[in-house]
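My plan is to start with the overall build and then go through single elements and residues.

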Amino acid sequence: MRLFVTQFRRDLLVAVRSRSDAANPLAFFVLATVLLGLGAGAQLAPGVIWVLALFANVLAVEGVFRRDHDDGTLEQLLIHAQPLFPAVMGKLAAHWALSGLPVAVLSPVAAIMLTGTANGVGVLVLSLCIGTPALTLLGAIGSALIVATGRGGLLVAILVLPFYVPVLIFGASASTAAMLGEPVAFQLLALAALLAASLTAAPFAVGKALAISQEY
Amino acid sequence: MCRLGYLDTIDAESAFGVYCKPRDRLRDEPVPYGPVVHGRANLVEDDLLVAENVRCTVGDRVLFDELSLSLRPGDLVEIRGSNGSGKSTLLRCLVGLHEPDAGDIHRNVDSLYVGHRPGICGRMTPIESLRWLAGITNSNADTAFIGVALDRVGLDEARHDVCDSLSAGQQRRVALARLLVSAAPLWILDEPLTALDDDGRDLVGELLTQHRAIGGAAVCATHQTLPTAPGGTRTVTLGS
């Protein structure tokens, strides 16, 4: 727990100090929403918001370990944080709090702009709150694998998009069903199951991937 | 006890618990070391680190093979060798960041690693960086103690500036302050003298001397002469 809190606070501090980096994915989400609203009018499916949230997530998670790797704090974390699990969780929790959570908070505005209705907005927010942490956890595995190669961007997207697909399908399906007034329990439960699976497995995979990345 | 005098007054047993029992060994007696020590019977209980028959390769090139090394309280091992001879790789093996191709490495105590990358985040101040490191290493160093450590390495003015605004030598000094804050009995230092001025070099020498006096041990990869007392120093030359 101490490791979790230490790492969570440290990463929040660093993110707040480097605001422009941290705000990039969120700016993408807002800009894409505005442009889509202007270009396509208020007649899109709520699944579009899920796609935008997913892209914002890939953009954000791609660099989650980059700075730490470059300045050597990542190797210190790998040497000293025993066990690594809570430290990785703290890091990803801080990352999600500044990337996934703001997207979920802004999504009602995006929903009204793009779909033209406020029906089912609650379910959209809820599905994003359950789904985006799973995206962050899964994306972090890809990001950890390639951190030492110095490449990024599209490579992470290609690596992790297949894992993102189930989350996207259930998330988009839940928000569409909610807008039409249909039952959404199944989709939300499936999302929650995906989150539970990634919460338990992904931090281990991230730790292993980070350890491999240090071998050169 | 006043924590300000930590390094001068602390006794080895309380600093390192049961791990480090400094022996009444004459430091000048020849230390039995050969590059190859086959068939080591078993671990001596107060060895801080034992590496046995370690081999590392890069592609087809063997960096080193059958390298054995053991460290006891008070030891200082210098790793020498030309550029690309595998010094950094050996140190990364010793600290556990790199898996050797063959051989065993037993780490019996916590170690502190200062590599080429300083381990200091540019967006944090020296105090914040060291507090974070203390947090993940379970060290109980508090802010006041970290302040004293930063004074000692000559960063009292810069302690509240973010590390990005410090010079390369100053950032190196933040990394040196880690040596003071950490309670790890084993130091693994990769070129600790890089980017330091003469004053900084002397400081590294002092820190190493004090560390060994209270029962710690250190492995240093270096191209320069370490400014420390020669007694008990062993040298491993790679690539020969």
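**Chain A, overall**

I began with burial: 48% of the 216 residues in chain A are buried. I keep in mind that this is a predicted model. Next I looked up the secondary structure and found nine helices and zero strands in chain A. Read from the N terminus, the order is α-α-α-α-α-α-α-α-α. I then checked the radius of gyration of chain A, which is 17 Å. The globule rule gives 17 Å for 216 residues, so chain A is as compact as a globular protein of that length. The box around the C-alpha atoms of chain A, taken along the principal axes, is roughly 50 × 35 × 30 Å. I also looked at contacts in chain A with a separation of 6 or more. Of these, 81% join residues 24 or more positions apart.

**H2 against H6 in chain A**

I took helix H2 (residues 19–40) and helix H6 (residues 84–115) of chain A as a pair. Their axes lie 10 Å apart, at an angle of about 10°. H2(A) and H6(A) are therefore roughly parallel to each other. From H2(A), I listed A:Ala22, A:Pro25, A:Leu26, A:Phe29, A:Val30, A:Thr33, A:Leu36 and A:Gly37 in this contact. They meet A:Leu98, A:Ser99, A:Pro102, A:Val103, A:Leu106, A:Ala110, A:Met113 and A:Leu114 of H6(A). Sorted by class, the contact of H2(A) with H6(A) has 13 nonpolar, three polar and no charged residues.

**H1 against H6 in chain A**

I turned to the pair H1(A) and H6(A). The angle here is about 35°, and the axes are 7 Å apart. I noted a right-handed crossing of H1(A) past H6(A). The H1(A) residues in the contact include A:Leu3, A:Phe4, A:Phe8 and A:Leu12. On the H6(A) side, I noted A:Met89, A:Lys91, A:His95 and A:Leu98 among them. The class count for H1(A) with H6(A) is 12 nonpolar, four polar and two charged residues.

**A proline in chain A**

Which peptide bond did I mark as cis? The bond runs from A:Gln82 to A:Pro83, with omega near -5°. A:Pro83 sits in the loop between H5 and H6 of chain A.

**Where chain A touches chain B**

How many residues of chain A are in contact with chain B? I find 21 residues of chain A in contact with 22 residues of chain B. Helix H1 (2–17) and helix H5 (73–80) of chain A each supply at least two residues on the chain A side. That side has eight nonpolar, seven polar and six charged residues.

**H4 of chain B**

I moved on to helix H4 (residues 126–136) of chain B. Here 10 of the 11 residues are buried, so H4(B) is largely enclosed by the rest of the structure. The buried residues of H4(B) include B:Glu128, B:Arg131 and B:Trp132. What do the buried residues of H4(B) pack against? I find H1, H5 and H6 of chain A, together with helix H5 (143–152) and helix H6 (168–181) of chain B. Just after H4(B), B:Asn138 has a positive phi of about 60°.

**Positive phi elsewhere in chain B**

I checked B:Asn53, which lies in strand S1 (residues 49–58) of chain B. Its phi is near 50°, a positive value in a residue other than glycine. B:Asn53 is partly exposed, with 17 other C-beta atoms within 10 Å.

B:Glu191 also has a phi near 50°. I placed B:Glu191 in the loop between strand S6 (186–190) and helix H7 (198–213) of chain B. Is B:Glu191 buried or exposed? B:Glu191 counts as buried, with 20 C-beta neighbours inside 10 Å.

**B:Arg55**

My last entry is on B:Arg55, found in strand S1 of chain B. B:Arg55 is partly exposed, with 15 other C-beta atoms within 10 Å. I left aside its neighbours within four places in sequence. The contacts of B:Arg55 are then B:Val62, B:Phe64, B:Asp65, B:Glu66, B:Pro100, B:Asp101, B:Ala102 and B:Gly103. B:Val95 is 40 residues from B:Arg55 along the chain, and their C-alpha atoms are separated by 15 Å.

Terms used: Residues numbered from 1 in each chain as written. Chains lettered and ligands numbered in written order. Predicted model: local features only at pLDDT ≥ 70, side-chain atom pairs only at ≥ 80, totals over all residues. Axes fitted to C-alpha atoms, helices over the stretch in contact; angles between N-to-C directions. Helix = DSSP H or I, 4+ residues; strand = E, 2+ residues; numbered from the N terminus. Parallel < 35°, antiparallel > 145°, perpendicular 65-115°, else oblique. Contact = placed C-beta atoms within 7 Å. Nonpolar A, V, L, I, M, F, W, Y, C, P; charged D, E, K, R; others polar. Left-handed = near helix turned anticlockwise from the far one by under 90°. Rg over C-alpha atoms; globule rule 2.2 N^0.38 Å. Buried ≥ 20, exposed ≤ 12 C-beta atoms within 10 Å, placed from the backbone.
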